[in-house]
Amino acid sequence: MPQVRERLWAIVAPRLQVVEHGLELIDETFDCSNGQLGPVDCLARDALGAPVLVLLAVEGDMLLTARALGAIEFLDRVGNALAAAIPEARLVPGARGRVLVIGTEASTALLHGLRRVNSSRLQTCMLEPFRLGGEERFAVRWMSAQAAAEDPSQTAAASEEFAVPEGHKACWSALQRICERLDPEVLVEGERFARRITWRGHRLGEVVVRAEGLIGSAPGAEDVVLAEARDVRGFADRLLRGYLAVREPGAGSPGAAAIVREGHSSPSSAKRAEARAASQGSIRSTLAAARLSPEEYSALGGPDEGPAAVSAGAADDVARIVAAQESPWPPTAATD
């Protein structure tokens, strides 16, 4: 990574979305120190509409700590008034602003100096460059405040808390539990405003934070706002379809179903039919276990009669998910 500020910023500025999902550049000439320390590298807007003052940590910048501290103090004083003062930025009134310092390995010593700044508004990350297919890219490693204070060279993943909007937390908790129960190898990970849902590297879906709330997306389907229990169930259906598709690629395919319907009895076709039936049964078993507890069901606003009826409905949903392949169930499959 270049250490000249202008060259480094030319790489970072168009890739703010890589640094943090939803981070949008608003202005590159924001000066909050009356010209004494120079402008911050940019004023940005995060996924929740909060102001983010972005600073680059460049080797030899001895005013970095002072500039970061000045930016934090500025947000403490007037952060709540920025939405009205800069209407073109579309900031959300009351959204808590942050100062984000972006550095490289060459600026490790400077990041170490930030240990003196004790503020929850400050966040730091390091960029790790690499080249793929002739294209320059970089990975982002977030640093916890404690790691930065003790040893900035140790930037082992500081997992950020997912910034779930108020009113959507029950839905997010229910979706997390469904993913956990689906398969121990289903991973839910990401950064402040995005969580990726994967199985053995296969992308099943993604949940991101936007102005309208918590948004779920899955390959081949439209995005959905996860605001109610039925939204979670619908999105979980999509995740399960994706899980089945990557776990058993041949299960339920039109070609395999045609072999069964036409009555072919070769060893290979019999094995395919047997594998498909086993896959359907295993998915049914997995989903039958992925039921909400009474407390979780109540938190999602379920009716007073409890989750028993919904558990049965969830099992029916599971059967429909498996049966909704292009081919029908094998005639010999047992009914539930």
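A residue counts as buried when it has under 20% relative accessible area, and as exposed when it has over 50%. With that in hand, let's look at this protein, which is a predicted model. Its chain has 336 residues, and 44% of them are buried. Its secondary structure comes to twelve helices and eleven strands.

- Start with helix α1, residues 5-12, where Leu8, Trp9 and Val12 are the buried residues.
- These three cover an arc of only 100° around the axis, so they end up on the same side of α1.
- Here's the general idea: an α-helix has 3.6 residues a turn, so residues three or four places apart point the same way.

**Strand β2 and its partners**
- Cys42 and Ala44 point one way from β2, while Leu43 and Arg45 point the other way, yet all of them are buried.
- β2 runs antiparallel to β1, and three bridges join the pair; one to look for links Asp27 with its partner Leu43 in β2.
- β2 also runs antiparallel to β3, this time with four bridges, and Ala44 has Val52 in β3 as its bridge partner.
- Between β2 and β3 the hairpin has five residues, and Gly49 takes a positive phi near 80° there.

- In soluble globular proteins, nonpolar side chains tend to be buried together.
- The largest nonpolar core here has 28 residues, and the members touching the most others are Leu175, Ile197, Val207, Leu214 and Phe235.
- Which elements give two or more residues to this core? They are α7 (169-182), β8 (194-199), β9 (202-210) and α8 (229-247).
- The most comes from α7, with seven residues.
- Zoom in on Phe235: leaving aside neighbours within four places in sequence, its contacts include Leu175, Ile197, Val207 and Val224.
- There's also a second, separate core of 27 residues, and among them are Leu55, Ala57, Leu75 and Ala89.

**The protein as a whole**
- Take the contacts with a separation of 6 or more: 55% of them are between residues 24 or more positions apart.
- The protein exposes about 17200 Å², with carbon and sulfur atoms supplying 52% of that area.

Terms used. Residues are numbered from 1 along each chain as its sequence is written. This is a predicted model: local features need pLDDT of at least 70, side-chain atom pairs count only at pLDDT 80 or more; totals for chains, interfaces and linings use all residues. Side-chain values use heavy atoms; hydrogens and water are left out. Buried means under 20% relative accessible area, exposed over 50%, partly exposed in between (1.4 Å probe, protein chains only). The arc is that of the directions from the helix axis to the C-beta atoms. A nonpolar core is a set of buried Ala, Val, Leu, Ile, Met, Phe, Trp, Tyr and Cys residues joined through side-chain atoms within 4.5 Å. Contact means heavy atoms within 4.5 Å. Accessible areas come from the Shrake-Rupley method with a 1.4 Å probe; for residues, only the protein chains shown count as cover. Two strands pair if DSSP finds at least two bridges between them.
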